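Subject: Structure handover

Dear colleague,

My notes come after it.

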Number of protein chains: 2
Amino acid sequence: MTGGPPAQEAASEFDTDTAIERVGDGRYRGTVTDRWDVLAAPNGGYLMGIGLRALADALPQPDPLTVTGHFLTAARPGPVEVAVETLRTGRTVATGVARMLQDGREFLHLTAMFGELPSADAAETVANAPPDLPPPDDLPRGKAVSPDGRPVPIGERFDLRFPPGVPGWLRGEPTGEAATAGWFRFADGRDVDPIAVPQVVDGFFPVVFELGVIGWVPTLELTVHIRRRPSPGWLRCRVTTRHVVGGYLEEDAEVWDADGRFIAQSRQLARAPR
Amino acid sequence: MTGGPPAQEAASEFDTDTAIERVGDGRYRGTVTDRWDVLAAPNGGYLMGIGLRALADALPQPDPLTVTGHFLTAARPGPVEVAVETLRTGRTVATGVARMLQDGREFLHLTAMFGELPSADAAETVANAPPDLPPPDDLPRGKAVSPDGRPVPIGERFDLRFPPGVPGWLRGEPTGEAATAGWFRFADGRDVDPIAVPQVVDGFFPVVFELGVIGWVPTLELTVHIRRRPSPGWLRCRVTTRHVVGGYLEEDAEVWDADGRFIAQSRQLARAPR
């Protein structure tokens with residue numbers, strides 16, 4: 001494990017806004033804030049962070065290795081309840097479900113397996129390379145905007161750095177390829193830990209926009225595999241959509257840390273804009 | 001939708017061995033047979049077929065669009081109970097959980113969203129090509145064997161056709177690339193429907209074997225996105241592992257049908273052989 005949380009994390013925006021309180025056996029309460037909104041709806045990766053915190057508290061293993069979220073209905077800023085059920089506790093992994101509810105209605109259903117992430121010196125065989133990007137300090141901070149070009153609250157939470165000319169769709173010049181690559185970090189400098197990885201992979205614009213197909217892209221299901229604990233600092237991300245079929249699309253994301261290590265990959269099934 | 005089930009399907013091995021009986025509200029019984037064993041354990045894709053049948057019966061939507069299985073502990077041939085809970089029924093999709101139990105103990109936990117697959121003429125934008133393979137009739141039937149080279153029962157259920165020289169590991173000459181491509185169909189000629197797609201993507205040898213890393217590769221979590229209903233006949237598949245990190249690996253599979261249409265993609269998290 002690389003380093004503990006730096007002192008400033010206690011007050012980070014992500015930690016504050018995903019904080020939960022245990023109110024019973026496997027039962028938690030938290031608050032969905034409006035600071036992670038994209039248009040009128042809180043971002044899915046942010047919501048998963050709240051649920052993962054409850055799972056991390058309830059399960060005996062430390063790190064999320066895989067988490068799948070099924071987005072059942074829209075969430076909104078306000079109180080949230082999380083009910084965790086432990087499905088199985090094994091020697092090296094533990095699996096649990098977190099139901100996230102508002103007004104007694106489940107809006108997000110998480111299933112996750114926790115375990116212990118590989119140590120920093122663990123061997124690997126990786127046939128994949130991080131995207132080639134100019135250093136983040138040489139790039140301007142990207143604007144996070146809604147499909148119609150208006151700034152969105154979640155844009156203030158992230159510091160995204162894109163190569164020149166990206167995103168094309170935002171300049172009215174979609175690149176024609178549903179893919180992008182860029183740097184990610186939290187705007188307040190909080191380092192990304194495993195719990196925050198779903199927020200990273202769900203933190204970019206829908207890359208289908210680069211096909212000129214621009215509109216609301218609701219996530220139906222998002223699965224994230226976390227493979228290593230990121231080192232502190234910037235993350236390098238690649239996001240790709242290869243198949244838009246009959247109103248549905250997948251979006252894949254890959255994440256590398258500042259040391260060039262592969263950290264995570266994700267895939268979501270979403271509705272394509274009409 | 002392309003065609004109804006041909007007459008022989010009623011007696012197909014897959015249909016017979018995934019058959020379920022409704023015994024109550026959201027409760028089903030079936031039998032895990034030993035015909036889909038890999039060594040001593042039933043194949044995960046086969047087990048998911050039983051659970052998907054229960055979900056298909058319980059949910060109001062016809063087709064699985066995404067399904068995630070968490071493999072909690074080993075199953076064995078014998079009776080199985082399936083308990084389905086409907087999480088949400090919407091206008092176009094419905095989401096449910098299927099718990100699969102033996103002796104009252106849950107061994108496989110499925111979460112799935114059902115809906116209606118795109119019609120055959122639905123528009124698509126696909127930036128991906130099926131693997132280039134010689135026609136299946138020009139290739140010998142592949143052998144399905146355990147890591148130590150012994151035939152496994154599930155090998156008799158499938159007709160797999162590989163290009164010359166594949167698999168390399170089986171000849172003691174791993175190719176050095178954790179990837180393969182080949183043709184799939186059921187040995188008894190049953191066409192693949194959406195319920196059987198998890199069986200297809202979990203039907204190949206673990207491609208990490210081509211790195212010379214050969215042994216037991218237990219699936220921990222498998223997510224399958226089904227994007228179209230396959231046309232009858234052979235399926236073209238590509239299977240890839242790109243990241244083996246500290247004892248875990250992912251395996252991705254892609255499936256095209258006989259018409260060259262993209263049908264499905266999957267990703268599993270598994271333990272790497274030691």
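Predicted model: local features only at pLDDT ≥ 70, side-chain atom pairs only at ≥ 80, totals over all residues.

Residues are numbered from 1 along each chain as its sequence is written, chains are lettered from A and ligands numbered from 1 in the order in which they are written, and side-chain values use heavy atoms, with hydrogens and water left out.

Cavities

A cavity is a set of points, on a 1 Å grid over the protein atoms alone, where a 1.4 Å probe fits but cannot get out; its lining residues have an atom within 4 Å of a point. Grid points are joined across faces, edges and corners, and the volume is the space filled by probe spheres set on the points. There are three cavities of 30 Å³ or more.

The largest cavity holds about 70 Å³. Its lining consists of Thr223(A), His225(A), Gln265(A), Ser266(A), Arg267(A), Thr223(B), His225(B), Ser266(B) and Arg267(B). At least two lining residues come from each of β12 (219–226) and β16 (262–271) of chain A and β12 (219–226) and β16 (262–271) of chain B; β16(A) gives the largest share, with three residues. Strands (E, at least two residues) and helices (H or I, at least four) are DSSP runs, numbered from the N terminus. By class, the lining has no nonpolar, seven polar and two charged residues. Here Ala, Val, Leu, Ile, Met, Phe, Trp, Tyr, Cys and Pro count as nonpolar, Asp, Glu, Lys and Arg as charged, and the others, Gly among them, as polar.

The second largest cavity has a volume of about 40 Å³. Val245(A), Tyr248(A) and Leu269(A) are among its lining residues, as are Leu65(B), Leu117(B) and Ile226(B). This lining has seven nonpolar, no polar and one charged residues.

Helix α2 of chain B

Eleven of its 15 residues are buried (under 20% relative accessible area with a 1.4 Å probe, protein chains only), including Tyr46(B), Leu47(B), Met48(B) and Ile50(B).

Single residues

Gly26(B) sits in the loop between β1 (20–24) and β2 (27–32) of chain B and is buried, at 10% relative accessible area. Its C-alpha atom is 6.6 Å from that of Glu85(B), 59 residues away along the chain. Beyond four places in sequence, Gly26(B) is in contact (heavy atoms within 4.5 Å) with Val82(B), Ala83(B) and Val84(B).

Arg161(A) lies in strand β10 (residues 158–161) of chain A and is also buried, at 12% relative accessibility. Its side chain reaches the backbone oxygen of Leu139(A) at 3.1 Å. Trp183(A) and Trp234(A) are among the residues in contact with Arg161(A).

Asn128(A) is in the loop between β9 (124–126) and β10 of chain A. Its side chain makes a polar contact (N or O atoms within 3.5 Å, one able to donate a hydrogen and the other to accept it; residues adjacent in sequence count only if both atoms are side-chain atoms) of 3.2 Å with that of Glu254(A). Another polar contact, of 3.0 Å, joins the side chains of Asn128(A) and His243(B).

Regards

Notes. 1 Å grid on protein atoms, 1.4 Å probe; cavity = no way out; pocket = protein on both sides within 12 Å on 5 of 7 lines; lining within 4 Å. Buried < 20%, exposed > 50% of the residue type's maximum accessible area, 1.4 Å probe, protein only.
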